[in-house]
Amino acid sequence: MYVSQLDLRDFRSWPELNVELEPGVTVFSGRNGHGKTNIVEAVYYTSVLGSHRVSTDAPLVRSGAENARVSATIINDGRALTTHLLLKSAGANQAQINRTRLKSPRELAGVLRTVMFSPEDLRLVTGEPAERRRFLDALAALRTRRLGGVKADYDKVLRQRNALLKRSNMVLRRGYSDAQGASALSTLDVWDGQLATLGAQVIAGRLALIDALSPHITESYTAVAPESRPAAVHYTSTLDKAVRELAGEASQDPAILEAAMLAELGRRREEELDRGTTLVGPHRDDLVLMLGDTPAKGYASHGETWSFALALHLGEYALLVQDGVEPVLILDDVFAELDAKRRERLVHVAEEAEQVLITAAVGDDLPGNLDNAVSARYTVRMDEGVSFLE
């Protein structure tokens, strides 16, 4: 799989960009802040429908423009598909494949598969659980399009339920004996049912993904840092205790997970009313990263932290290749952050990939043994806030 053409309009610092790409290694070099990362961010957005740098789409639209457009032609087993995304700073985005308008942009998920390494990856190890949940959910949606839709629906129901807990808190406390209280509680019961159904599917999907991904992560970490303690990952959930009470052991059965979530929502309802927010569900779970017997977060050295971040993505890459589709590999300003050994490991993966997109501030950041693999080089410059290629 590779991207043969990328066209941008009013995306970040690019009023317009039209670039043809080939299989092999393409390097975009230039000074920091001149727009090279914006190019690979557009490719990554096409793959996962989200940015690795910001949580909303508004910053992706060039200042003064109403919307941004990202079009990419993707070649997979000789078949070409062109995706189009219209990104709006406010309002719903639009998408199409070739000339067919899609009902939702999330229908594009999986058309292009990518694995990105970036300096932000350290947050996967040192950051909050939300960082690791995003990593899992993006990969799950990439492998199984349905799971991306389920997660989006879950987030929508969660917002509605939280709004009810905050907006109607006093009414909810009146109980079923009061007409308004009974109506509000009935609405809350409906949201509970929908949240449990969708949440169970999200958690089941994450658990199945971790089962498939975990061996690749452990193997990749050993390859990157053979002198370090062994790496492992496991999932912790707000439903763990309830699941064990229902099934006697851990379970990935969506029916058991749904029953456990309904039980926990009922048990913690009073606490949720006190705090005005939902305390149970996959939005509260975490992927725990372990080095030996200790958590990586807070205990790993800087080198171990970088090794674990690399192992997560190397494991992701290996899993996608195992699925039968070789993803586009994106290396965004990472070589400058790595020592020689980690650079060599990354170069080894890059040499095997069908297409690699690399950004670097200076040529010296690139390992010498990558030079022979480079098929195209571009210099990114900026003039009065506008990026252009040379």
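**Domain arrangement and interface in the predicted model**

Over residues 2-360 the chain is 47% helix and 22% strand, with the end C-alpha atoms 20 Å apart; helices (H or I, at least four residues) and strands (E, at least two) are DSSP runs, numbered from the N terminus. UniProt, in an unreviewed entry, places the feature "domain: RecF/RecN/SMC N-terminal" at residues 2-360; its positions are given in the numbering used here, feature names are shortened, and annotations may be inferred rather than shown by experiment. The model is predicted, and local features need pLDDT of at least 70, side-chain atom pairs count only at pLDDT 80 or more, and totals for chains, interfaces and linings use all residues. Residues are numbered from 1 along each chain as its sequence is written, and side-chain values use heavy atoms, with hydrogens and water left out.

The domain assignment divides the chain into domain 1 (1-113 + 326-389) and domain 2 (121-323), such bounds coming from an automatic or database assignment. The C-alpha centres of domain 1 and domain 2 are separated by 29 Å. In domain 1, 22 residues are in contact (heavy atoms within 4.5 Å) with 22 residues of domain 2. Between them the two domains bury about 1900 Å², 61% of it on carbon and sulfur atoms; buried area is the accessible area (1.4 Å probe) that two parts lose on being put together, summed over both. Arg106, Arg113 and Arg342 supply 31% of the area that domain 1 buries against domain 2, more than any other three residues.

Two salt bridges are found across the interface of domain 1 and domain 2, a salt bridge being a side-chain nitrogen of Lys or Arg within 4 Å of a carboxyl oxygen of Asp or Glu. The side chains of Arg106 and Asp153 form a salt bridge at 3.4 Å, N to O. On the side of domain 1 that touches domain 2, helix H1 (36-48) and helix H11 (340-352) each supply at least two residues. The largest share of this side, six residues, comes from H11.

Not counting residues up to four places away in sequence, Glu390 touches Tyr378, Thr379 and Arg381. Glu390 and Arg161 are 229 residues apart in sequence and 51 Å apart in space, C-alpha to C-alpha.
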